[in-house]
Amino acid sequence: MEEPYNWSETNSGLIAVATLIAYALALPFTTTSDRLAAYLTKRNNGIRESEMRLGVLLFPMLIAPAGLVVFGFTAERNLHWIGYFAGVAMDQFASYWYFTFTLAYAVDSYYANTSEMLIAMNLGKQAISFGMSLYLLDWVLEHGYAVVIAGIFGAVLLANNLAVIIFMIWGKRIRRFTANSWLGRLHQRTATVGMTH
């Protein structure tokens, strides 16, 4: 057993417990997006708009980037294992919210082409993950954990999370624009009949 983890290499997978705890803490909030949307729909004379559910993402918006800062500086300074644990837990807690509620927003916005949209979202997410992790070790060795994890990855995640504000303000206009674009017209021809919610 070596510092700073104070556990053997065979026990290093225990960091996944942080994710389990984070998801368990986030799980009770799963209905908040629907409840907020229902409340705002009632206030809007029964007219529902997809963006009504996005307000709940303001709470976890900064938690995930802060988790990367905690993780990055813990790794950079060889601090106690609880820093790694807390960083992962913070990141995963907020990720649960973003994965769940942005998917619900997307389905609300483009319900007629759900399968195509899900494929596109997953391809984009995986491409970004691959691109950012391809040279991760090289970047860390060259610049350090704090710069790469806390700085670069934290900034990219913060920019991603702040995009929710763009969709809260201009989401309806974006949906109208995409519906009238060449891509929207293409999907109108391929939309599955009866595939609504």
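Predicted model: local features only at pLDDT ≥ 70, side-chain atom pairs only at ≥ 80, totals over all residues.
Numbering runs from 1 along each chain as its sequence is written, and side-chain values use heavy atoms, with hydrogens and water left out.

Select Thr-31, in the loop between helix 1 (16–26) and helix 2 (32–43); helices here are DSSP runs of H or I, at least four residues, numbered from the N terminus. Thr-31 has 40% relative accessibility, so it counts as partly exposed (buried is under 20%, exposed over 50%, partly exposed in between, with a 1.4 Å probe and protein chains only).

**Stop two: Ser-50.** Hop to the loop between helix 2 and helix 3 (63–76), where Ser-50 sits. At 7% relative accessibility, Ser-50 counts as buried. Show what Ser-50 touches beyond four places in sequence: Tyr-105, Asp-108, Ser-109 and Arg-175 (contact means heavy atoms within 4.5 Å).

**Stop three: helices 4 and 5.** Select residues 81–109 and 114–133; these helices pack at about 140 degrees, with axes 10 Å apart. That angle makes helix 4 oblique to helix 5 (under 35 degrees is roughly parallel, over 145 roughly antiparallel, 65 to 115 roughly perpendicular, the rest oblique). Finish with the contact residues: Leu-103, Ala-106 and Val-107 on helix 4, and Thr-114, Met-117, Leu-118 and Met-121 on helix 5.

Definitions and conventions
Axes fitted to C-alpha atoms, helices over the stretch in contact; angles between N-to-C directions. Helix = DSSP H or I, 4+ residues; strand = E, 2+ residues; numbered from the N terminus.
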